[in-house]
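Please look over the sequence and the model shown here before reading the notes that follow.

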Amino acid sequence: MTITTSRVDPSAGTPKAGFGRPRRTRLLLNRTAFLAAVVVVLFAVSVLLGSYTVTIPDFFRILIAHLTGGEKIPGASFIVMENKLPRAVIGTMIGAAFGLAGALFQTMLRNPLASPDVIGISYGASAAAVTAIVVFGASGAAVSAAALGGALGVAAIIYAISSGGTLRGTGRGDAAGNRLILAGVGIAAALHAVVNFLMTRTDIRTAADALVWLNGSLNSASWDRAGVLALALAVLLPAVVALAGPLRILELGPDAAAGLGIRVGATRLALVVTAVALAAVATAAAGPVSFVAFLAGPIARRFTGKASLPASALVGAVIVLAADYVAANLAPLLLDGTVLPVGVITGALGAPFLLWLLVTANRKDA
């Protein structure tokens, strides 16, 4: 007896359904690697080019001499090691920190408007720093410490106001996220009024110092600030890695996440603390560089095709390094030698992007 069987294509059916996932993963990795390469190129451009150019052999000669105590190149060694290199290092780190902070908030709350710029955390840092400058005559590390405390304090107030549905992890989690954004916007408006009042009650020299800080600037970059920022990121980045998995599950919604075993309230609290700390230490290092946290996540999502914390960090670094190069080297050519704070350039980028985001959101809802 001959038994005939129908031909079955082993590649048909269910296995094909999974083919798209490795392809999307490869695309994500390739585009993330591309962003990393862009960061490296912009870092090199910031150090080697600009108003004072340095050749690659001279850069390595200066770096090796600095590390080994060898002979320094007059002028060039100081410019590279005390100005250009720490500026680029801090720019990269604060860009990554702001990018991660914005992506954590936006992914957790599932709202592209949820960033430290919008929900009041940056304004908390600004109000505390301006108070320290105007009222107490503080400068340097004291201003950074005040900014850090102000950001953390305002974040605690905002979270306390909006924590009803968030802590319990019920179906009201999205409403709690909206309350957090609304509470942050309201507090930001009040703190903005405080800053304006303090600026009108001080002398013009102090107001000028405070205004430079308010715009976000890398002009005061130093190795001391870079060391403190690197130490803070060494603590916070492992926390981000540990929270990345639960964050992806939270994207499904609070009810689904709770059903999968995630402690929604504790996880959201940990995410808020980590995101606020990232934004706070970056703000303390360079001031509230506006819209970096707001821009990095959506740009990374559109470039890679999905939400990605590493891509958001790299996009943040790209934005800060590119904006700082324009502010420090190209703007003086157009403005008769005026060097702009980096926050002026990022703010000019952020405003039209916000309008575009609102327009596209309205089109989707229509």
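In this structure, arginine 61 is partly exposed, with a relative accessible area of 45%, where partly exposed lies between buried (under 20% relative accessible area) and exposed (over 50%), for a 1.4 Å probe and protein chains only. The model is predicted, so that local features need pLDDT of at least 70 and side-chain atom pairs count only at pLDDT 80 or more, while totals for chains, interfaces and linings use all residues. Residues are numbered from 1 along each chain as its sequence is written, and side-chain values use heavy atoms, with hydrogens and water left out.

**Salt bridges**

- The structure holds 2 salt bridges, a salt bridge being a side-chain nitrogen of Lys or Arg within 4 Å of a carboxyl oxygen of Asp or Glu.
- Arginine 61 meets aspartate 58 in a salt bridge, with 2.3 Å from N to O, and aspartate 58 is itself partly exposed at a relative accessible area of 26%.
- Because aspartate 58 and arginine 61 are 3 residues apart in helix α3 (residues 56-68), about one helical turn separates them; helices here are DSSP runs (H or I, at least four residues), numbered from the N terminus.
- Arginine 87 forms a salt bridge with aspartate 324, and their closest N and O atoms are 2.8 Å apart.
- This pair links distant parts of the chain, since arginine 87 lies in helix α4 (residues 76-109) and aspartate 324 in helix α13 (residues 309-334), 237 residues apart.
- Both arginine 87 and aspartate 324 are buried.

**Packing of α4 with α12**

- Helix α4 packs with helix α12 (residues 292-304) at an angle of about 70°, their axes being 7 Å apart; the axes are lines fitted to C-alpha atoms over the stretch in contact, and angles run from 0 to 180 degrees between N-to-C directions.
- That angle makes α4 roughly perpendicular to α12, a term that covers 65 to 115 degrees.
- The contact (heavy atoms within 4.5 Å) includes Gly95, Phe98 and Gly102 of α4, and among its α12 residues are Phe294, Pro298 and Arg301.
- The residues of this contact divide into 6 nonpolar, 6 polar and 1 charged, where Ala, Val, Leu, Ile, Met, Phe, Trp, Tyr, Cys and Pro count as nonpolar, Asp, Glu, Lys and Arg as charged, and the others, Gly among them, as polar.

**Surroundings of leucine 214**

- Leucine 214 is placed in helix α8 (residues 204-215) and counts as buried, at 18% relative accessibility.
- Leaving aside neighbours within four places in sequence, leucine 214 is in contact with Ser126, Val130, Val195, Met199 and Pro288.
- The C-alpha atoms of leucine 214 and valine 195 are separated by 9.5 Å, the two residues being 19 residues apart along the chain.

Terms used: Helices (H or I, at least four residues) and strands (E, at least two) are DSSP runs, numbered from the N terminus. Angles under 35 degrees count as roughly parallel, over 145 as roughly antiparallel, 65 to 115 as roughly perpendicular and the rest as oblique.
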